[in-house]
Amino acid sequence: MTDLPGTADCPCGGGRYADCCAPFLRREAWPATAEALMRSRYTAFARNDADYLLRTWHPRTRPESLELDDRRWDGLEIVERTDGAEDDLMGIVGFVAHWSHRGRRGSLVERSAFVRRGGRWVYLAATPESE
């Protein structure tokens with residue numbers, strides 16, 4: 001995996017990669033909010049960084065290993081934020097992640113639950129859709 005140039009846009013859509021998710025994926029910093037962690041995890045999917053995904057997953061729900069497919073992640077839309085600020089203990093981030101693979105296009109729609117563990121945000125699990 002090569003690093004993106006400092007002027008390249010971040011896959012998560014949050015700005016320049018160097019200022020957005022790069023410090024997290026390079027293990028130089030930890031996301032301060034649930035949304036920042038969600039965005040960095042999307043970027044890790046886009047960059048095929050399974051190690052980062054596993055490292056940011058709660059140990060209770062984390063799989064032993066993770067095999068990523070070769071789909072291309074084409075864009076992220078954040079559609080819901082519930083709590084998840086720097087001082088919160090829990091947060092929900094709803095999103096739509098667009099992808100393409102072998103001429104097909106699709107979207108992954110999910111509400112992700114995040115919790116604080118040891119002062120850091122971690123991904124817990126997908127949550128049921130609200131009504």
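Which elements cover the buried residues of α2? The cover includes α1, α3, β1, β2, β3 (104-117) and β4. This is a predicted model, in which local features need pLDDT of at least 70, side-chain atom pairs count only at pLDDT 80 or more, and totals for chains, interfaces and linings use all residues. Residues are numbered from 1 along each chain as its sequence is written, and side-chain values use heavy atoms, with hydrogens and water left out.

**Helix α2**
- Helices (H or I, at least four residues) and strands (E, at least two) are DSSP runs, numbered from the N terminus.
- Eleven of the 13 residues of α2 are buried, so this helix is largely enclosed by the rest of the structure.
- Buried means under 20% relative accessible area, exposed over 50%, and partly exposed in between (1.4 Å probe, protein chains only).
- Among the buried residues of α2 are Glu-35, Arg-39 and Arg-41.
- Asn-48, which follows α2, has a positive phi, near 60°.

**Nonpolar cores**
- A nonpolar core is a set of buried Ala, Val, Leu, Ile, Met, Phe, Trp, Tyr and Cys residues joined through side-chain atoms within 4.5 Å.
- The largest has 27 residues, and those touching the most other members are Cys-12, Cys-21, Leu-25, Met-38, Tyr-42, Leu-76 and Phe-114.
- At least two residues of this core come from each of α1 (22-25), α2 (34-46), α3 (50-55), β1 (72-83), β2 (90-101) and β4 (120-126).
- α2 gives the largest share, five residues.
- Another core, of six residues, lies apart from it and includes Ile-92 and Val-122.

**Cys-21**
- Contact means heavy atoms within 4.5 Å.
- Leaving aside neighbours within four places in sequence, Cys-21 is in contact with Cys-10, Cys-12, Arg-39, Ser-40 and Thr-43.
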